[in-house]
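Q: Could you take me through the structure shown here, one kind of feature at a time, and tell me how to read each of them?

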Amino acid sequence: MTPPGFFVLELRRLLAALFAAGTLWLATQDWKLALVALVLVLAICWGWQLARVYRWFADPEQMPPISNSGLGGVLRDVYALRSRDTVAAKTPARSQSYLTDSLASMRDAALIINSDGRLVWCNDAAEYLLDITLEEEEGKPFSDVAPGKSLKRYMREENFQKPLRIKPGPDPEYCLQLEFSRFGANDRLVFIKDVTEQDKLERMRRDFVGNVSHELRTPLTVIKGYIETLQSLMPESDERLIKSLGSMDIQTARMESLISDLLWLSRIESVEGVRKDDQLDLVDLLTHLCDEMRAAWPGRKIELVTSSNLCVLGNAAELRSAISNLIVNALKYSEAPVSVKWSDTVVGPELLVEDQGPGIDPKHIPRLTERFYRVDKSRSQATGGTGLGLAIVKHVAVSHDAKLFIDSELGKGSTFRLVFPNDRAVSCEVCSTESRRADVGQ
Ligand code: ADP
């Protein structure tokens, strides 16, 4: 209703009352009586209208009281606006039921959790995989529906970039993979896959590599012992035999480092997904590592710059092996000084290892972290490389939610950066000195 319409209607009512009061005045010649009558008529009129409005407020679904007053027009406008809002409010509900209908018909298991982490809905496939019924579990915290420490932590941390594997049932082999995505007002849609077979195969492969490497260790130690004995018994004049034994000794040493790298890799893989939360002072760790490297590579310049004093939540032995692999590579593949830096960035603390060696052709960079991938096989073998160093670095990075960046240009050296997420970094003041010493000493 337009403001002029409102005033015209109310003015008409006022004029009619004034006309009636004027007539009364003329008839009675008593202006006071006419005035009282005018006030009374207007008060009754507006009071009656207000009473109808209050009655309508009690049940606003009904049409508003229609009257030819200005107030009646305003109420009709309010009613029209409300009706429009109700239609709009019904639309998302309709699209939500459309979404749940389509998810229900899917063969893949899906469920919806609200912003409080409670189960709101799931389809038949999810009921089957989790061995639950929606009727019984609806409204319960999802971490109670599918219990497990890892799920509780995963939901608390709300970092859904990587899928989560859980073993919800009494069968220790039964393994489900959950993929979370957010929608609406912080609700979550979760897709569930049965990955029992995949998990079993991955474990078998890991165990196989681990077991073979372990089994090879003993015969290798025996062979190594015999080589050493033969070398000590060999007359110095027999150069051919001395040379053969020398190269056997080098090859057994290579096999030994291969086996120990393979064992280490399978150990890291076997604890992947297990949260590593020791507080590690990287400044201490880097200082110790660089001192060790300087002692092992005398004559080489290793510069250490630490501008961050953040500690990292992680596993000391794994981080130590990853960082030492990066530094050893920089020393192995270049003759120039090596620089190690620990600094803060916007995304989190960063470890940088830089050399001015021959660099790497960019076409090799995407494959460098694959097992046994070598840019120059003969050079790598000559330097005693196993081809597993960067695979170990990559695995350690993944299990610490860190990212490994490799920048290199032929002839200009290489830079390897490990960037840790902010939620893995804590101020070193909260790190106890005790734990720092223990970790570094490992
Ligand atoms: P390896 O034990 O053979 O060194 P890595 O996995 O550590 O195996 O490295 C893979 C390959 O990446 C190496 O064979 C080498 O060719 C290349 N590489 C690694 N680090 C460097 C570096 N700092 N400079 C040049 N090349 C490198």
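A: What follows takes the helix pairs, the sheets and the surroundings of the ligand in turn.

Q: What kind of model is this, and how are the residues numbered?

A: This is a predicted model, in which local features need pLDDT of at least 70 and side-chain atom pairs count only at pLDDT 80 or more, while totals for chains, interfaces and linings use all residues. Residues are numbered from 1 along each chain as its sequence is written.

Q: How do I read a packed pair of helices, and at what angle do α8 and α9 pack?

A: Two packed helices are described by the angle between their axes and the distance between the axes. Helices are DSSP runs of H or I with at least four residues, strands are runs of E with at least two, and both are numbered from the N terminus. Axes are lines fitted to C-alpha atoms, for helices over the stretch in contact, and angles run from 0 to 180 degrees between N-to-C directions. Helix α8 (residues 196–233) packs with helix α9 (residues 239–270) at an angle of about 155°, and their axes are 9 Å apart. The two are therefore roughly antiparallel to each other, given that angles under 35 degrees count as roughly parallel, over 145 as roughly antiparallel, 65 to 115 as roughly perpendicular and the rest as oblique.

Q: What is the hand of the crossing of α8 and α9, and which classes of residue make the contact?

A: The crossing of α8 and α9 is left-handed, a term used if the near helix is turned anticlockwise from the far one by less than a right angle, with right-handed used if clockwise. The contact of α8 with α9 divides into 12 nonpolar, seven polar and six charged residues. Here Ala, Val, Leu, Ile, Met, Phe, Trp, Tyr, Cys and Pro count as nonpolar, Asp, Glu, Lys and Arg as charged, and the others, Gly among them, as polar.

Q: How do I read a sheet, and in what order do the strands β6, β8 and β13 lie?

A: Strands of a sheet pair through backbone hydrogen bonds, either parallel or antiparallel. Two strands are taken to pair if DSSP finds at least two bridges between them. Three strands form an open sheet in the order β6-β8-β13, with antiparallel pairing. β6 (278–281) and β13 (425–427) stand at the edges with a single partner strand each, so one side of each is left without a neighbour in the sheet. From one strand to the next, the twist averages 40°. β6 and strand β8 (residues 310–314) run antiparallel and are joined by four bridges, and Gln279 stands opposite Leu313 in β8.

Q: Which strands make up the sheet of five, and how are β11 and β12 joined?

A: The sheet of five strands is open, with mixed pairing and the order β7-β9-β10-β12-β11. β7 (302–306) and β11 are its edges, each with a single partner strand, so one side of each is left without a neighbour in the sheet. Strand β11 (residues 403–409) runs antiparallel to strand β12 (residues 413–419), and seven bridges join them; Ser408 has Ser414 in β12 as its bridge partner. Three residues lie between the strands in this hairpin, where Gly411 takes a positive phi near 85°. Strand β10 (residues 349–355) is also antiparallel to β12, joined by six bridges, and the bridge partner of Leu351 in β12 is Leu418.

Q: How do α10 and α11 pack against each other?

A: α10 and α11 pack at an angle of about 40°, with their axes 11 Å apart, and they are therefore oblique to each other. The crossing in which α10 passes α11 is right-handed. Among the residues that make the contact are Leu285 and Met293 of α10 and Ile323 and Leu331 of α11, contact meaning that C-beta atoms, placed from the backbone, lie within 7 Å.

Q: How many residues surround the ligand, and which helices supply them?

A: The ligand is surrounded by 21 residues, and the closest are Tyr333, Val375, Gly385, Gly389 and Leu390; a residue is near a molecule or strand if its C-beta atom, placed from the backbone, lies within 6 Å of it. α11 (316–332) and α13 (389–399) each supply at least two residues of this shell, which by class has nine nonpolar, nine polar and three charged residues.

Technical notes. Contact = placed C-beta atoms within 7 Å.
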